Amino acid sequence: MTDSSDDYRDELPEDLQPSAFVGAYAFPDNKRRRVPGAIYLAVGLVLVALVLARGTGAVFVNRGFLIAGVSLVVIGLYHLVAGWPLKIDATDALAAAAREAGFAIGHSSAQLGWRGLVSRPTWRLLLYSAEEPPLHRGLVMVDGVDGSIVGSYIEDNPEDWSEYMAR
């Protein structure tokens, strides 16, 4: 029987430890998709070139090379197209959402998501007005590339906060 203290324990690498994190979080840029896209495209083109040079009847180069090459070219092109640069950060998105909402922002939450077939980055912001309790709330979607408003829904806050208010 082995001692449990000798067992391997899975843990996060140092650079992912949340306790070591200090400062504002920077979302990774989508344009980093272009690097693997270029690699897929290059490997795919090499495979297609091998098939064109040798034909599909060779011992080591066969129809599978052609299928893999064309697939990698398609996937590589998709990565190049979907590698939008993230030019709008969470602070800029919050400022654009505040202009759209038309009220002073109190509590808010931002989430980065992607929309459409080409995965365009889009900020989704949930907003509450600054009053206590908040009188208004809204959901605003801000494009992460150009900062335009994709959509918004602003309403009076229907929640009853009376039981949480100090008496």
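1. The protein chain holds 3 helices and 4 strands, where helices (H or I, at least four residues) and strands (E, at least two) are DSSP runs numbered from the N terminus; along the sequence they follow the pattern α-α-α-β-β-β-β. This is a predicted model, in which local features need pLDDT of at least 70 and side-chain atom pairs count only at pLDDT 80 or more, while totals for chains, interfaces and linings use all residues. Residues are numbered from 1 along each chain as its sequence is written, and side-chain values use heavy atoms, with hydrogens and water left out.

2. The 4 strands form an open antiparallel sheet in the order β1-β2-β3-β4, two strands being paired if DSSP finds at least two bridges between them. At its edges stand β1 (105-115) and β4 (149-156), each of which pairs on one side only, and the twist averages 10° from one strand to the next.

3. Strand β3 (residues 136-143) pairs with β4 in the antiparallel sense over 7 bridges, and within this pairing His-136 stands opposite Asp-156 in β4.

4. Helix α3 (residues 90-101) lies across β1, β2 (120-129), β3 and β4 and runs at about 55° to β2; axes are lines fitted to C-alpha atoms, for helices over the stretch in contact, with angles from 0 to 180 degrees between N-to-C directions.

5. Among contacts (heavy atoms within 4.5 Å) with a separation of 6 or more in the protein chain, 52% come from residues 24 or more positions apart.

6. Of the 167 residues of the protein chain, 25% count as buried, that is, under 20% relative accessible area with a 1.4 Å probe, protein chains only.

Methods:
Buried means under 20% relative accessible area, exposed over 50%, partly exposed in between (1.4 Å probe, protein chains only).
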